[in-house]
Amino acid sequence: MMSDNIFDFGMIGLGVMGRNFLLNMADNGFSVIGFDKDAAKNTALEGSATPGTTVKGVSELSQMISLLKRPRNVMMLVPAGQPVDDVIASLLPLLEKGDVIIDGGNSHYTDTLRRVKYLREKEIHFMGIGVSGGEEGARRGPSIMPGGDLAAYENVRPMLEAVAAKVDGTPCVAYLGKEGAGHYVKMVHNGIEYAIMQLISESYAILKAAGLSNQQLHETFKTWNEGKLKSFLVEITADIFLQKDDKTDAHLVDVISDKAGSKGTGKWTSQDSMELPVAVPVIDTAVAMRTLSGYKDERIKAAALYSTTTAAQIVPTQELIDKVYDGLYFATILSYAQGLAMLFQASKDLQMDIPLPEVVSVWRGGCIIRASLLPVFVNAYKQNPELSNILLNQEVAELVKSAEGNTRALIAHAAQAGIPAAGLMSSLAYFDAYRSERMPTNLIQAQRDYFGAHTYQRIDIPGTFHTEWGQQ
């Protein structure tokens, strides 16, 4: 008969992510127990366990809690929103002072802030943890982004470090700040993910319009993944072009609808950037383009109404491939720069104390936006942990400048060919604005003062001024 208090860690929600996370933890020597109302999921959990590990699934929440060691460590992987609050409500009568509740889903950080405060008053520790890597990551090693109660983190740190992805022997997990920091970092991670996926799709569109076959696209992205663009997203893109449809003789990518879905985290990044405010135009564009993809019926009508005879510029294939390579590299750097700048500002304004060197280190393995670029950013933050934007680092600047010329040529090509490349274009516009010592927004200030007496500042005299315009 099983004795009480033998399990190290409990999981609520045994879907793909919850089950695989628990199995990963068990493989690393921890005794784990999971709860799901669906008995089949409990059976699947136990049936998938590695022989010799301690894994149990139960259908009664109280049973799981009674079998956990104290202080109890309980994680939930359930849909964001009301389901999280419902789980917390069901847990509270069963928990004791000092127990730890972890939300490992994609909750909005404002909900996490509310829950931290609510549970602190009840002397229960609460942590919001971002988990990235999908099904395979959860099973073999995800990137883990914990924030919230530091005491709670220290309690679960050995377990999280054991299950996290490893890069050069270092676990891709670290304490990333107070209150809702973990979910904030994951939100921005997902915003960067949106941006890079949009940039890759635009690169694909340009190369496909130039006549590259799926086999050639595979070979191109595979080659790119062996160089400075090496990343998880480029790697899987190369694989996608080889996948055949099991219902027809076509390549699967060619029969997939162009209406893109989303789960909201990219939109949250865009919305919250405006609250700070921090400019993240590539992320904004990525969100907007997914929205625009949903206007399929309207796009079909517009395609007929605005049919164009604009021909693609004739560019030698390898020359165009090189331009796309540099353009994607340039815009990818700009996407990271915008997301990290957002984290820098949020850390200060929201008083979350997010350590950017640790954030970038955690992203090096296990997560969707892992890339060979990240060690460059780690070095940038080692030189200056208070770096407000990685574009101000000399090494990053050299990388950006090396790709700038081809990026400009690529965007001109896309514009002339009528290929929508909004992400690439917005990355260049951000770059040009960010490096402008003087922007034309002095005219905007004049306009605002003209019609609304909003005042302005001068470049030659300190103070705030208003002019009665048109009276000279």
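Predicted model: local features only at pLDDT ≥ 70, side-chain atom pairs only at ≥ 80, totals over all residues.

Analyst: Happy to! A helix here is a DSSP run of H or I with at least four residues, a strand is a run of E with at least two, and both are numbered from the N terminus. Residues are numbered from 1 along each chain as its sequence is written, and side-chain values use heavy atoms, leaving out hydrogens and water.

Let's look closely at helix packing, and then at a few loops. Two packed helices are described by the angle between their axes and the distance between the axes. An axis is a line fitted to C-alpha atoms, for helices over the stretch in contact, and angles between N-to-C directions run from 0 to 180 degrees.

H14 and H17 cross in a left-handed way. A crossing is left-handed if the near helix is turned anticlockwise from the far one by less than a right angle, and right-handed if clockwise.

Which residues meet there? Contact means heavy atoms within 4.5 Å. On the H14 side, the residues include Leu320, Lys323, Tyr329, Phe330 and Ile333, and on the H17 side they include Leu399, Asn406, Ala409, Leu410 and His413. By class, the contact of H14 with H17 has 11 nonpolar, 5 polar and 4 charged residues. Here Ala, Val, Leu, Ile, Met, Phe, Trp, Tyr, Cys and Pro count as nonpolar, Asp, Glu, Lys and Arg as charged, and the others, Gly among them, as polar.

Buried means under 20% relative accessible area, exposed means over 50%, and partly exposed is in between (1.4 Å probe, protein chains only). Setting aside neighbours within four places in sequence, Lys323 is in contact with Asn406, Ala409 and Leu410.

Now follow the chain into the loop between H14 and helix H15 (356–362), where you will find Met352. Met352 is buried, at a relative accessible area of 1%. Between Met352 and Gly180 there are 172 residues in sequence, yet their C-alpha atoms are 7.3 Å apart in space. Not counting residues up to four places away in sequence, Met352 touches several residues, among them Gly177, Lys178, Ala181 and Tyr184.

A second pair is helix H8 (residues 181–209) and helix H9 (residues 214–224), whose axes come within 11 Å and cross at roughly 135 degrees. H8 and H9 are therefore oblique as well, and the crossing of H8 and H9 is right-handed. Ile200, Tyr204 and Leu207 of H8 make the contact with Leu217, Thr220, Phe221 and Trp224 of H9. The residues of that contact divide into 6 nonpolar, 1 polar and no charged.

H8 itself is largely enclosed by the rest of the structure, because 24 of its 29 residues are buried. After H8 comes Gly211, with a positive phi near 105 degrees.

Helix H18 (residues 422–434) links these themes. Its buried residues, including Leu424, Leu428, Tyr430 and Phe431, pack against H8, H12, H14 and H17.

Finally, some backbone details. Most residues other than glycine have a negative phi, and most peptide bonds are trans. Pro277, where we began, is joined to Leu276 by a cis peptide bond, with omega about -5 degrees. Another cis bond joins Arg70 and Pro71, with omega about -10 degrees. In the segment after helix H19 (441–452) lies Ala453, whose phi is positive, about 50 degrees, although it is not a glycine. Ala453 is partly exposed, at 43% relative accessible area.

How values were computed. Parallel < 35°, antiparallel > 145°, perpendicular 65-115°, else oblique.
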